[in-house]
Amino acid sequence: MTADDRAKNIKVLIFDVDGVLTDGQIFVIPNSEGHGIEAKGFAAHDGLGISLGRLGGLRIGIITKRQSQTVAIRARDLKLEFVYQGQSHKMNAINEILEKTGCTLEQLAYVGDDIVDLPVMRRCGLAIATANARQQVKSAAHFVTPNPGGFGGGRDAIDFILSAQGTLEKVIEQYLDESSTAASASDVGTGNM
């Protein structure tokens, strides 16, 4: 089965965070109490892609090993349906998501970049690696994004799925239509988190 064939079945799209929706860098800024404040950079292209994906009927979320207030804030701004942090064994969260959605593994796409993502990528319907992924992850992927994580890799994944499903151009036009209430409802936040 080709990656395009696999993408046609996708209903749920799950992203890792560090190295996928960010470039993998974690900035720790000390505060006056001697604790660190974590900062990460997210790509705006990925945010708009999430709006397009939702408008195209995808149910979207994240699963990450780390616990981060920065990620919680960004997830809220992106209006993600599924947010799982502190997940060392990501299949546990995947099983919960599948139960909530009534979908199968074949209907789930996962985007990862490092070995912690392999258990999901080896079982899901469409495994996607970002361009900056470790070689083991690229080897397990059905599709590798042209751009790295933090620089549009997430958007590449969404565009690939919607293109395979034949809806990308329609979804873009719907998003651009000022009078579309569906587009407004699917759109991500506007900052001021």
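Helices (DSSP runs of H or I, at least four residues) and strands (runs of E, at least two) are numbered from the N terminus. The model described here is predicted, which is why local features need pLDDT of at least 70 and side-chain atom pairs count only at pLDDT 80 or more, while totals for chains, interfaces and linings use all residues. Residues are numbered from 1 along each chain as its sequence is written, and side-chain values use heavy atoms, with hydrogens and water left out.

D18 lies in the loop between β1 (12-15) and β2, whereas K40 lies in the loop between β3 (36-39) and α2 (44-55), so the pair ties together parts that are 22 residues apart in sequence. D18 also forms a salt bridge with R66, and there the closest N and O atoms are 3.7 Å apart. Because R66 lies in the loop between β4 and α3, this pair ties together parts that are 48 residues apart in sequence. D18 is buried, with a relative accessible area of 15%, but R66, at 34%, counts as partly exposed. D18, E38, K40 and R66 are linked in a network of salt bridges.

The loop between β4 (59-63) and α3 (69-77) also holds S68, which is buried at a relative accessible area of 6%. Leaving aside residues up to four places away in sequence, S68 touches E38, K40 and Q85, where contact means heavy atoms within 4.5 Å.

Finally, the cysteines can be considered. The structure holds 0 disulfides, a disulfide being a pair of cysteine sulfur atoms within 2.5 Å. The sulfur of C103 is 13 Å from the closest cysteine sulfur, which belongs to C124, and this is too far for a bond. C103 is buried at 13% relative accessibility, and C124 is buried as well, with a relative accessible area of 5%.

Conventions
Buried means under 20% relative accessible area, exposed over 50%, partly exposed in between (1.4 Å probe, protein chains only). A salt bridge is a side-chain nitrogen of Lys or Arg within 4 Å of a carboxyl oxygen of Asp or Glu.
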